[in-house]
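The sequence and structure are shown first, for reference.

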There are 4 protein chains.
Amino acid sequence: MQPLNLHDFEARARELLDPGVLAYVEGGALDEITLRENAAAFQRRRLRPRVLAGAGDVDPSTTLLGAPVSMPIGIAPTARQGLAHAGAELAMARAAAEAGVVFTASTMSTMPLETIAGGGGLRWFQLYVFEDKALTRSLIERATAAGYRALVLTVDTPVSSKRERDLRLGVQAVEGVCGNFDPAEPAAVAAASITSNFDPNMTWDIVGWLRSLSPLPVVLKGIVTAEDARRAVEHGVDAIWVSNHGGRQLDRTVAAIDALEEVATAAGGRAEVYVDGGVRRGLDAIVALALGARAVFIGRPAYYALACNGQAGVHDALEILRAELINAMALAGAPSLRDLDPSFVR
Amino acid sequence: MQPLNLHDFEARARELLDPGVLAYVEGGALDEITLRENAAAFQRRRLRPRVLAGAGDVDPSTTLLGAPVSMPIGIAPTARQGLAHAGAELAMARAAAEAGVVFTASTMSTMPLETIAGGGGLRWFQLYVFEDKALTRSLIERATAAGYRALVLTVDTPVSSKRERDLRLGVQAVEGVCGNFDPAEPAAVAAASITSNFDPNMTWDIVGWLRSLSPLPVVLKGIVTAEDARRAVEHGVDAIWVSNHGGRQLDRTVAAIDALEEVATAAGGRAEVYVDGGVRRGLDAIVALALGARAVFIGRPAYYALACNGQAGVHDALEILRAELINAMALAGAPSLRDLDPSFVR
Amino acid sequence: MQPLNLHDFEARARELLDPGVLAYVEGGALDEITLRENAAAFQRRRLRPRVLAGAGDVDPSTTLLGAPVSMPIGIAPTARQGLAHAGAELAMARAAAEAGVVFTASTMSTMPLETIAGGGGLRWFQLYVFEDKALTRSLIERATAAGYRALVLTVDTPVSSKRERDLRLGVQAVEGVCGNFDPAEPAAVAAASITSNFDPNMTWDIVGWLRSLSPLPVVLKGIVTAEDARRAVEHGVDAIWVSNHGGRQLDRTVAAIDALEEVATAAGGRAEVYVDGGVRRGLDAIVALALGARAVFIGRPAYYALACNGQAGVHDALEILRAELINAMALAGAPSLRDLDPSFVR
Amino acid sequence: MQPLNLHDFEARARELLDPGVLAYVEGGALDEITLRENAAAFQRRRLRPRVLAGAGDVDPSTTLLGAPVSMPIGIAPTARQGLAHAGAELAMARAAAEAGVVFTASTMSTMPLETIAGGGGLRWFQLYVFEDKALTRSLIERATAAGYRALVLTVDTPVSSKRERDLRLGVQAVEGVCGNFDPAEPAAVAAASITSNFDPNMTWDIVGWLRSLSPLPVVLKGIVTAEDARRAVEHGVDAIWVSNHGGRQLDRTVAAIDALEEVATAAGGRAEVYVDGGVRRGLDAIVALALGARAVFIGRPAYYALACNGQAGVHDALEILRAELINAMALAGAPSLRDLDPSFVR
């Protein structure tokens, strides 16, 4: 049957994916409290819709870092999409381009970033910083050259976490060559092993270093506090991406939507604010947008849709979300994104 | 066995109704969070009864828009009652008249509004505004001519919502000709299809337009915020009907009883305030009345009672509610509705 | 096996009692929300024990209305104890006397109040006021003459409630002649039918009327608000008994322990304050005592213990509670009841 | 399979332990509300991690009462470890010494305290004060002589509690000679019976008495309120150990982590503050450390690990906790314990 919502894709993907891959994708750190809380915290929020708002012509389009998108819902980076579907990141990027939304390629993609760029559309590059700075610089330069429009620096992964589902099944199930590294180069091969070669000592100086290497806007992904949001603004980042890595890093971290409010307030409009973690419905999007997010991102749901039906699956998932968001904006009496503010949420 | 409460009617109706009709009636939008919350929010409220109040002679009678009713519990509009029972809206109206309570006929009734008027008693007409204004005007004029005493404009349905139970079963199960439209006229036939021809661009100007067409009092149904309550009062509406459409429109909308308080406060006595959504017990009624409602309305419960036993079923359901309300007023030490205030609820 | 706690008595009594009697005893009004909340609200409270308090010699004795009791836990009135055990109220009264606690005889006792008086010990008489004032006066005079030491006027039952368990099983199962009424007198027989002849129009004047008929202290049972507590004090009552009738009258009434705080504060020491509803452990008692109660009362638990083993069962239940209370006082660092105050509860 | 976390040890130990021993170890007092709440309250806390903190080199080492430890997680006293494993306390002490953490020997140990001292490492002695003061003095003198570095006086056990699991199974299952008492001496044998000879009348004077007998630092274990924390500081104790005895004494006592905040605030740095009760993850430790604890202690988890695999099991459990704590500090952006403060917890 045709999926009606993103839960349907997830249920189908659970049947299709290899158990090891499934554990890797759907699991989180330790007790998976934050994993569950991300979705639950969205569902606890209540909406305060307005009536007679002339909401017949809903327009969910906006711009992200100056680039137009058809809606404020994008694709978050997830590693090794080739494990979900042979089309991998290229299929995902094409679906995003077709839908007019931003696609964020992961450093840990199955395909090289240059291949993914063939998918067209608005693309950002998610960057992990390795202890090997030359390797890192190379990634930045390649992404800049390949037409990516922003560097999304993940800051919540100085070290890897303990993901017990993976450990019980054997983590090797999800390993595989990452397309961005040349298997002929030892350093690159080492880097490709999960997180163990990330630089755990990164500080705020990293922002200046990125600026010195690329003209691209810098997005910090993984901030969940007002304190860090203020520091990010002081360091001149272009955008703050509220995220707890989908509950995959520090378990018991505050739920993404609960962190959004203080981050958006602290940012005070001086940087764009995004959020991921638990978005499964257009309703989740409208809650986040009302509370100060300029865009929301989906990670696992896009991965599941890719697993179900490749590019077409991702396309369908995005159109379901678009329809849900437009419906929610009409029913909430907010025909444009500018109409939304925290008073729409209780 | 004779039903003891409204839950009994619901349980029995679940056995009797066609699965498609049942899905249509009992379902809500998307994840059905608001659907469940409507009832749960009532059950979370606690009462603070007073003793030695001389509560032997309880009088639950009141007036609604100047017309006397035997109790502040009325029938909310629900579509296509013919799917529940052959007696349809006429049976429901007769039961309401017999009980001395207000009956609200839906634009989407199985029977023409003129036929329903044959049921006698105090009747209001629930109005959907179509893009075809001539069609809409005709409905208003017919309702006015047929002795309906108020126009209840539904304002929470600028567009239809996604109701996944219906989609999974096939929505056609609940379609059928609506008695208010002439199947010989193409525009009317189109209008009769669910919500797709409602005017999504209605604004507050609609209130003036209604005033220009009919001398009837205007009730806005579907308001859940203080902001909209203030605007409604500014536009001179006669009553505000707090509702989230039984959880069938914007999912995650605040529960009806939780919205009531801010609406009643904002209305400040300048318009009557009603509420529907989750009323299953006389206790729900007393909570709402204490928090500022002048009346509460039941939708699904009346539909289920109709399905169980036609006019007699609805009559029995209303008498059960009446007995529960009178009992609650006596036990709470509030022999008249004027005695109730927010201090009775914690 | 020897019962370890009051739950054990309840479990055993469920096996022993006739289904109709069990439904009558364990059931509550309507959805039984208050019934469940009474116990749950106690369990939500947290204790803040103090250490090194020299708590080796715990003394739980106190006085109630000037009369000494061995502990601040008494027997609440429950009707028709003969349905639980042939020993009925006399067995219950003897157990209470043996334990040195107060026993409250119900107007609706199986045995005449004079027979119950043979049990010795400190006895109070629970009074329902009938529309037949001569009948009521007779009860008062008989109780006074028979050595009862207080009149406990139930004020939460101006009318009966809807108890659906009883209705489903047929309420006649629990009827039976009440020993306080002469079956040869028609008025008395009528009065003996459940609650239907209670005076629903009682007001605060009843306090003065009781005073005019008897020198006994007056206790009002069934108050749950500060407003009524203040009025009770103004009318000079000797004690206020916080109760929602064990969840058997107005469903959704605030839980007994949650009502206690505002009542105790409002009473301000000008009347003794008691509470029943949900007491199952010595821990419940210590919570209530810390929050301002001078005594707590058990209803159903004593009934279950009587059903299990007559006088000996009630005795055992009381000794279990005594041991739990003494243990709790020692572990909380409050060797006398005077040491307890609201700071012991969070 | 190799245990991944402390839950795995517990699950395995449940299979290995004698039912009576298991009931004794895992059970709590009465309804076991505090037992469950200890763990649940930790899991309700949310973390607010900081990014780009240069957290590559995490150092969890600290000092406790001036003595260095490799991490702020120690072993709480538990009785009769010989019932878990033949290695008993000596195995546990050796594992603690190997891991560089503090081990607290119980007065009720299976082995004599002198034998346990053979395990090396930093050892504290948990003291119960008996009515027989000579016996108590002897224990203090022996512990001082045997190189224990602190006296941990348990203050939450003036009397024993009712543990219904034990009573249902028969408490004798967990009895056995305690190694600290000479079975040839009647007083000692009596003392060795569980708690019944503890001094229930201890007051704050006990602190001075301990000082007069030993130069060792004094730790009071079992404080859960700000009031007692202030008194402890006034009496010059060296450390306050927040504990509700693992839910084994006064049921419904506030959860350990919830008590920690007020105690830490009241102590104001004038005494070290520790906490036990519900610690199962490095995440629990970081929450407690952020809220003011200088160290956390594990009781049951160490017992279970001992049951599973003796010294090696305890060692593995400690290393799992160490890895989890280090991981949490890195991911929270707090490379040293000094970086943690209450703003890390929400």
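Predicted model: local features only at pLDDT ≥ 70, side-chain atom pairs only at ≥ 80, totals over all residues.

1. Interface of chains A and B, extent. Chain A contributes 32 residues to this contact and chain B contributes 36 residues. The area buried between the two chains is about 2900 Å², with carbon and sulfur atoms giving 56% of that area. On the side of chain A, Val51(A), Leu52(A) and Leu331(A) account for 25% of the area buried against chain B, more than any other three residues.

2. Ten salt bridges are counted between chain A and chain B. One of the pairs joined by a salt bridge is Arg46(A) with Glu37(B), where the closest N and O atoms are 3.8 Å apart. Four helices of chain A, namely H1 (6-16), H3 (33-44), H12 (282-290) and H13 (300-332), each supply at least two residues of the side that touches chain B. The largest share of that side, seven residues, comes from H13(A).

3. Interface of chains C and D, extent. Here chain D provides 36 residues and chain C provides 32 residues. The buried area between chain D and chain C is about 2900 Å², and carbon and sulfur atoms give 56% of it. Within chain D, the residues that lose the most area to chain C are Arg168(D), Leu250(D) and Arg252(D), together 26% of what that side buries.

4. Interface of chains C and D, polar features. The interface of chain D and chain C holds ten salt bridges. Asp284(C) and Arg252(D) meet through their side chains in a salt bridge, with an N to O distance of 2.6 Å. The count of residue pairs in polar contact between chain D and chain C is 20, with both residues at pLDDT 80 or more. The side of chain D that touches chain C draws two or more residues from each of helix H3 (33-44), helix H7 (164-169), strand E7 (218-223), helix H10 (226-234) and helix H11 (256-267) of chain D.

5. Chain pairs without contact. Chain A and chain C do not touch, and their nearest C-alpha atoms are 22 Å apart. Chain B and chain D likewise have no contact, their closest C-alpha atoms lying 22 Å apart.

6. Helix H1 of chain B. Which residues of H1(B) are buried? In this helix, residues 6-16, they are Leu6(B), Asp8(B), Phe9(B), Glu10(B) and Ala13(B). These buried residues pack against helix H13 (300-332) of chain B and also against helix H7 (164-169) of chain C. At the start of H1(B), a side-chain oxygen of Asn5(B) comes to within 3.0 Å of the backbone nitrogen of His7(B).

7. Aromatic side chains. Over all chains, the search finds 36 aromatic pairs. In chain A, ring pairs join Trp124(A), Trp241(A), Tyr274(A) and Phe297(A) into a cluster. Charged side chains also lie over ring faces: Arg123(A) is placed over Tyr148(A), at 5.1 Å from the ring centre, and Lys221(B) is placed over Trp241(B), at 5.7 Å from the ring centre.

Terms used
Residues numbered from 1 in each chain as written. Chains lettered and ligands numbered in written order. Heavy atoms only, no water. Buried < 20%, exposed > 50% of the residue type's maximum accessible area, 1.4 Å probe, protein only. Contact = heavy atoms within 4.5 Å. Polar contact = N/O pair within 3.5 Å; in protein donor to acceptor, adjacent residues only side chain to side chain. Phe/Tyr/Trp six-rings, centres within 6.5 Å; stacked < 30°, edge-to-face > 60°. Lys NZ or Arg CZ within 6 Å of the ring centre and 35° of its normal. Buried area = accessible area lost by both parts, 1.4 Å probe. Salt bridge = Lys/Arg side-chain N within 4 Å of Asp/Glu carboxyl O.
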